[in-house]
Amino acid sequence: MKLFVLTMVCVFLQVSLHNPTGHWTLLPHILVVEAPWDQMPLRCLEKPAELLRKDAKIEDIFWRKDGNEKEQKGNTYMLEASLGGNFTCHSKDGSLLNHTVVLIQDNDTNQRRDENLNCSATNYNGEFLCSWPKLTGLGGKVAFIKARRVSDNYETQCSVDKSGRRWTCSSGQSNFICSVDKKKKRKRKISCRDEQHCPFTEESQHIDITVYVWRKYFYLDNYSKRFLLSEIVKPDKVEISKVNNTMIQWSYPSSWSSPYSYFPLSFEIAQLRRGCERCKDLCGNIKSTETLTFNSSDVCQFRVTQRRTKVVCVRAKDALCDSPWSEWSHIRMS
């Protein structure tokens with residue numbers, strides 16, 4: 001009896017060591033495997049006896065990894081040593097039977113970096129922009145996008161169009177459309193819109209978004225964030241004009257939600273006595289400068305109160321939520 005139990009334990013350990021902790025299908029023909037693992041079977045055909053020609057044999061199937069022929073033969077290929085790649089299986093005459101891209105997801109590495117998406121919105125119309133960190137020298141492209149409302153009890157279905165840049169995630173209570181930035185220098189950004197969002201109702205369900213990035217050497221990173229639009233809304237910069245030598249005025253950003261009485265902004269004003277001609281960011285360091293904050297609507301005016309003021313800086317934020325301030329705008333005074 002003891003010998004039987006010992007034998008079963010050894011068999012269990014052997015199976016555990018030769019199988020990854022988890023694997024799942026990202027898209028058709030794209031398999032994600034969690035590292036590390038020792039070995040994992042990759043199948044060429046689900047029903048080889050039915051799909052192969054009568055004169056072909058299972059043992060005649062041969063495999064290629066990234067175009068290079070491998071020694072293993074047959075319908076099953078054993079993935080080894082946490083190595084991803086593009087695996088293809090072929091019949092004896094070289095015809096392609098199937099193909100699978102294997103991506104490696106190193107959960108320990110993701111947890112160690114603890115890098116999340118950086119998301120922001122310029123208003124409450126349901127649109128937001130997300131970006132993720134650049135991994136030096138490793139490149140990367142978007143492999144999958146999933147967006148949903150957290151309390152949505154319906155299963156979310158996500159699909160991508162033929163261009164590979166436009167994603168749609170739909171369920172019973174939400175419908176998100178996300179697009180990958182076409183510009184090469186901005187390939188680490190996506191823009192999304194919740195088609196069912198109503199800006200005039202209280203937002204009670206958080207948005208949960210995950211971006212899977214396929215980087216060099218067939219590694220897969222995922223970046224996630226959970227938020228309400230009211231937590232990430234950041235108005236665009238205000239436009240300032242001069243009324244006279246002591247009076248300035250500005251208006252709400254054209255991209256901000258209206259009516260302004262329902263979506264009020266708070267404005268912060270800073271008066272600077274320095275006016276660096278070559279400085280790119282005159283308002284970048286004004287923590288020690290006295291600031292004034294007030295609420296207003298539509299067109300706002302302010303009279304300079306400090307003598308020898310050379311620059312006036314203005315920024316805005318949602319008056320009703322603890323969300324980020326906009327970038328500073330400035331105007332030079334004579």
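Buried means under 20% relative accessible area, exposed over 50%, and partly exposed in between, with a 1.4 Å probe and protein chains only. The model is predicted: local features need pLDDT of at least 70, side-chain atom pairs count only at pLDDT 80 or more, and totals for chains, interfaces and linings use all residues. Residues are numbered from 1 along each chain as its sequence is written, and side-chain values use heavy atoms, with hydrogens and water left out.

**Exercise 1. Determine whether Cys44 and Cys89 are buried or exposed, and describe the disulfide that joins them.**

Solution. 

Step 1. Cys44 and Cys89 are both buried.

Step 2. A disulfide is identified here as a pair of cysteine sulfur atoms within 2.5 Å. Cys44 and Cys89 are joined in this way, with 2.0 Å from S to S.

Step 3. The torsion about the S-S bond of this pair is about 75 degrees, so the disulfide is right-handed.

Step 4. Helices (H or I, at least four residues) and strands (E, at least two) are DSSP runs, numbered from the N terminus. Cys44 belongs to the loop between strand 3 (39-43) and helix 2 (48-51), whereas Cys89 belongs to strand 7 (residues 85-90). The pair links distant parts of the chain, 45 residues apart.

**Exercise 2. State how many disulfides a search of the whole structure finds, and examine the links of Cys119 with Cys130 and of Cys178 with Cys192.**

Solution. 

Step 1. The search of the whole structure finds five disulfides.

Step 2. Cys119 and Cys130 are joined at an S to S distance of 2.1 Å. This link is right-handed, with 110 degrees about the S-S bond. Cys119 lies in strand 9 (residues 118-120) and Cys130 in strand 10 (residues 127-131), so the pair ties together parts that are 11 residues apart in sequence.

Step 3. Cys119 has a relative accessible area of 6% and is therefore buried; Cys130, at 1%, is buried as well.

Step 4. Cys178 and Cys192 are joined at an S to S distance of 2.2 Å. Their link is right-handed, with 115 degrees about the S-S bond. The pair connects distant parts of the chain, with Cys178 in strand 14 (residues 175-180) and Cys192 in strand 15 (residues 189-194), 14 residues apart.

Step 5. Cys178 is buried because its relative accessible area is 1%, and Cys192 is buried at 2%.

**Exercise 3. Locate Asn75 and identify what its side chain reaches.**

Solution. 

Step 1. Asn75 is in the loop between strand 5 (68-73) and strand 6 (76-80).

Step 2. The relative accessibility of Asn75 is 8%, so this residue counts as buried.

Step 3. A polar contact is a pair of N or O atoms within 3.5 Å; within protein, one must be able to donate a hydrogen and the other to accept it, and residues adjacent in sequence count only if both atoms are side-chain atoms. The side chain of Asn75 reaches the backbone oxygen of Leu45 at 2.9 Å.

Step 4. Contact means heavy atoms within 4.5 Å. Not counting residues up to four places away in sequence, Asn75 touches several residues, among them Cys44, Leu45 and Trp63.

**Exercise 4. Describe the aromatic pair of Tyr252 and Phe267.**

Solution. 

Step 1. Rings of Phe, Tyr and Trp (its six-membered ring) pair if their centres lie within 6.5 Å; planes under 30 degrees apart count as stacked, over 60 as edge-to-face and the rest as tilted. The structure holds 16 aromatic pairs.

Step 2. Tyr252 and Phe267 form an edge-to-face pair, 5.5 Å centre to centre and with 75 degrees between the planes.

Step 3. Tyr252 is in the loop between strand 19 (247-251) and strand 20 (265-272), while Phe267 is in strand 20, 15 residues apart. Both Tyr252 and Phe267 are buried.
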